[in-house]
Amino acid sequence: ALLGVITPNVRHISMEWEGLTIMRFRVHFECRPTQEEMECMDIVTREILADVPFKRAEPVEIIVTKAPIAELQFLNRRIYSRKEY
């Protein structure tokens, strides 16, 4: 689902779920995401829902921060993390 949607602005993506009841998806961006980046994250959520029969998904949580990755609050499954020095 993430293939082709990760832009240089995306720092970290994490998700969590409670059985098949609910899915949460959190994206950390370096600066404010564009409308296209927001739409891409919505598409990712829909593609995951098409593959796994969760009853519902919460809206994508968008966080804009320049804090070090070690200080970010992740959900319990890390999906993507950009290499940072």
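Glu37, Cys40, Met41, Val44, Thr45 and Ile48 of H1 are buried. These buried residues line one face of the helix, because they fall within an arc of 145° when seen down its axis (the arc is that of the directions from the helix axis to the C-beta atoms). An α-helix has 3.6 residues a turn, so residues three or four places apart point the same way.

Elements covering the buried residues of H1 include E1, strand E2 (22–29) and E3, with contact meaning heavy atoms within 4.5 Å. Helices (H or I, at least four residues) and strands (E, at least two) are DSSP runs, numbered from the N terminus.

## The aromatic pair

One aromatic pair is present in the structure. The ring centres of Trp17 and Phe54 are 6.3 Å apart and the planes lie at 50°, so the pair is tilted. Rings of Phe, Tyr and Trp (its six-membered ring) pair if their centres lie within 6.5 Å, with planes under 30 degrees apart counting as stacked, over 60 as edge-to-face and the rest as tilted.

Trp17 belongs to strand E1 (residues 10–18), whereas Phe54 lies in the loop between helix H1 (35–51) and strand E3 (56–57), 37 residues apart. Trp17 is partly exposed at 33% relative accessibility; Phe54, at 11%, is buried.

## Basis of the values

Residues are numbered from 1 along each chain as its sequence is written, and side-chain values use heavy atoms, leaving out hydrogens and water. As the model is predicted, local features need pLDDT of at least 70 and side-chain atom pairs count only at pLDDT 80 or more, while totals for chains, interfaces and linings use all residues.

Note on methods:
Buried < 20%, exposed > 50% of the residue type's maximum accessible area, 1.4 Å probe, protein only.
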